[in-house]
Amino acid sequence: MSAPKKIKTAELRPGMVFDQPVFIDSENVLVQANQEISGRDIERLVKWGITEVETSGSLMAKKARDEDDPSDAPPPAATGFMDPGLISRPDDALKKIIQRYDQLRRNKRNFKRLLSESADVLHTNIRNLYENRQFENRAVIDIANRLTNEICEKPLMLIMFQATRFTPEWIVHHALHAGAYACLLGQEMRYSRPRLQELMFATILMDTGMLSVPGHILEKTEQLNEKEWANVKAHPLLGYKLLTSQGKVKSSLANVSLQHQETFHGKGYPQGLKGGQIEEISRIAHIVDSYTAMIERRPYRKANLPYEAMKTILSVDMHSYDPKLLRLFLGLVSIYPIGSIIKLSNDMTGMVVASKADKPLRPVIRLMRDAEGLPFNDLYFLDLTQKTELYIVSAISPASAGIQLEAEI
Ligand SMILES: [Fe+2]
């Protein structure tokens with residue numbers, strides 16, 4: 001018997017067996033020695049908010065040896081019964097979606113690497129602007145181009161922004177996330193590839209000025225006072241100045257930094273521009289900035305569900321956005337955006353992997369948990385337009401469904 005060690009709930013997998021009991025706390029045993037941990041056991045821990053368990057034992061089950069990196073682990077196997085009649089017969093459109101999903105699974109590690117490299121380059125170069133050091137325009141253009149090409153060719157990679165943390169800097173995470181959505185919205189606008197690359201470049205630099213805002217303001221949970229708010233509101237102009245002077249960025253692209261907080265109805269800042277006075281790429285940036293910010297976690301609040309974010313944009317903030325772009329954006333991400341975890345009327349849980357603009361309530365789902373809450377042992381897709389007796393009951397968070405998105409994609 002070795003010294004007791006803590007194991008994160010996120011690292012537990014059904015089928016794991018330890019040669020000593022696994023404890024929830026000093027009084028409660030999760031499983032006895034040599035007893036298999038089940039999907040239900042893990043689900044209970046998640047439901048109770050228990051993030052780690054403890055054991056003095058060693059892992060016995062062969063299946064669990066390579067669990068160091070959860071993103072490498074195969075999805076846990078299902079033991080539940082599934083009605084085979086539920087699985088759509090793939091037509092050509094569904095086959096294409098399945099192919100794209102497969103691309104996501106096969107490429108997720110490379111994409112994560114690209115994201116963390118891009119985050120490093122972006123963060124270093126923005127810092128350099130503040131510290132009067134060389135801003136490597138070419139290096140930032142290079143990451144913008146690589147990201148654009150990846151996102152255009154593998155649009156489901158978007159899910160990785162929600163599934164994984166590739167940088168500790170949330171401002172940088174946000175910049176790249178917004179850039180990816182900008183690129184997809186630009187595609188809907190039929191922008192050429194070079195134009196999309198410029199849009200990506202401009203969007204990932206739009207919050208350059210935010211690095212001047214002190215951490216205590218960025219992380220404040222209460223409402224900002226007047227002085228703090230003035231500090232935040234200075235970021236578009238500051239970013240624009242830094243980018244165009246030290247950074248030698250073309251002013252047509254640095255304009256996105258200056259204008260991304262302007263709103264279509266003229267109530268934004270810093271200049272209170274409205275409608276067509278705001279450049280089109282800045283109007284794109286404004287939509288993707290708002291949406292991605294809502295679905296990201298912040299030090300002072302939880303992430304909103306994509307469904308909630310889309311609802312907010314369409315109800316509370318609608319007039320803040322260019323209506324034509326907003327329509328395209330809604331067609332692109334839909335009411336249950338890609339990556340949303342949803343509960344179906346038959347109690348199964350799945351992830352939205354595609355949607356059709358004319359049938360926003362009937363997206364294509366990758367099934368992830370059966371009605372008992374157990375994982376499937378294979379990839380199953382369901383096109384809700386073909387299975388009309390089923391419907392989405394609610395959008396839920398991955399954590400509440402016990403889903404580790406990065407590992408289970
Ligand atoms: Fe901003």
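This is a predicted model: local features need pLDDT of at least 70, side-chain atom pairs count only at pLDDT 80 or more; totals for chains, interfaces and linings use all residues.
## Domains

The protein chain splits into three domains. Domain 1 covers 5-61. Domain 2 is built from 84-88 + 337-408. Domain 3 spans 104-333. The C-alpha centres of domain 2 and domain 3 are 29 Å apart. These two domains touch: 10 residues of domain 2 contact 12 residues of domain 3. On the domain 2 side of that contact, six residues are nonpolar, three are polar and one is charged.

Strand 3 pairs with strand 2 (residues 22-23) in the antiparallel sense, over two bridges. Here Phe-23 stands opposite Val-29 of strand 3.

The other open sheet has five strands, in the order 8-7-6-5-9. Pairing is antiparallel here too. The edges are strand 8 (375-383) and strand 9 (392-396), and each pairs on one side only. On average, neighbouring strands of this sheet are turned by 40 degrees against each other, direction ignored.

Within this sheet, strand 5 (residues 341-344) and strand 6 (residues 349-356) run antiparallel and are joined by three bridges. Ile-341 has Met-351 in strand 6 as its bridge partner. Strand 7 (residues 359-369) and strand 8 are also an antiparallel pair, held over five bridges. Val-364 stands opposite Asp-383 in strand 8. Strand 7 and strand 8 form a hairpin, with five residues between them. In that turn, Gly-373 has a positive phi of about 85 degrees.

## Helix packing

Two packed helices are described by the angle between their axes and the distance between the axes.

| Helix pair | Angle between axes | Axis distance |
|---|---|---|
| Helix 5 (residues 170-188) and helix 11 (residues 280-295) | about 130 degrees | 9 Å |
| Helix 3 (residues 137-153) and helix 6 (residues 193-204) | roughly 120 degrees | within 8 Å |
| Helix 11 and helix 13 (residues 323-333) | about 45 degrees | 10 Å |

Start with helix 5 and helix 11. Their axes meet at about 130 degrees, and the two helices are therefore oblique to each other. Helix 5 passes helix 11 in a right-handed crossing. Helix 5 contributes His-174, His-177, Ala-178, Tyr-181, Ala-182, Leu-185 and Gly-186 to the contact. Helix 11 contributes Ile-284, Ala-285, Ile-287, Val-288, Asp-289, Tyr-291, Thr-292 and Ala-293. By type, 10 of the contact residues are nonpolar, four are polar and one is charged.

Next come helix 3 and helix 6. Their axes cross at roughly 120 degrees, which makes helix 3 oblique to helix 6. The crossing is right-handed. From helix 3, the contact residues are Val-140, Ile-141, Ala-144, Asn-145, Leu-147, Thr-148 and Cys-152. They meet Leu-196, Gln-197, Met-200, Phe-201 and Ile-204 of helix 6. Nine residues of this contact are nonpolar, three are polar and none is charged.

Helix 11 also packs against helix 13, at about 45 degrees. That angle makes helix 11 oblique to helix 13. Helix 11 passes helix 13 in a right-handed crossing. Arg-283, Ile-284 and Ile-287 of helix 11 make the contact with Leu-325, Leu-326 and Phe-329 of helix 13. Five of these residues are nonpolar, none is polar and one is charged. Ile-284 and Ile-287 of helix 11 contact helix 13 and are also listed in the contact with helix 5.

Most residues other than glycine have a negative phi, and most peptide bonds are trans. Two sites are worth checking against that background. The peptide bond from Tyr-269 to Pro-270 is cis, with omega near 10 degrees. Pro-270 is in the loop between helix 10 (251-259) and helix 11. Arg-190 is not a glycine, yet has a positive phi of about 60 degrees. Arg-190 is located in the loop between helix 5 and helix 6.

Definitions and conventions. Residues are numbered from 1 along each chain as its sequence is written. Domain bounds come from an automatic or database domain assignment. Two residues are in contact if their C-beta atoms, placed from the backbone, lie within 7 Å. Ala, Val, Leu, Ile, Met, Phe, Trp, Tyr, Cys and Pro count as nonpolar, Asp, Glu, Lys and Arg as charged, and the others, Gly among them, as polar. Axes are lines fitted to C-alpha atoms, for helices over the stretch in contact, and angles run from 0 to 180 degrees between N-to-C directions. Helices (H or I, at least four residues) and strands (E, at least two) are DSSP runs, numbered from the N terminus. Angles under 35 degrees count as roughly parallel, over 145 as roughly antiparallel, 65 to 115 as roughly perpendicular and the rest as oblique. A crossing is left-handed if the near helix is turned anticlockwise from the far one by less than a right angle, and right-handed if clockwise. Two strands pair if DSSP finds at least two bridges between them.
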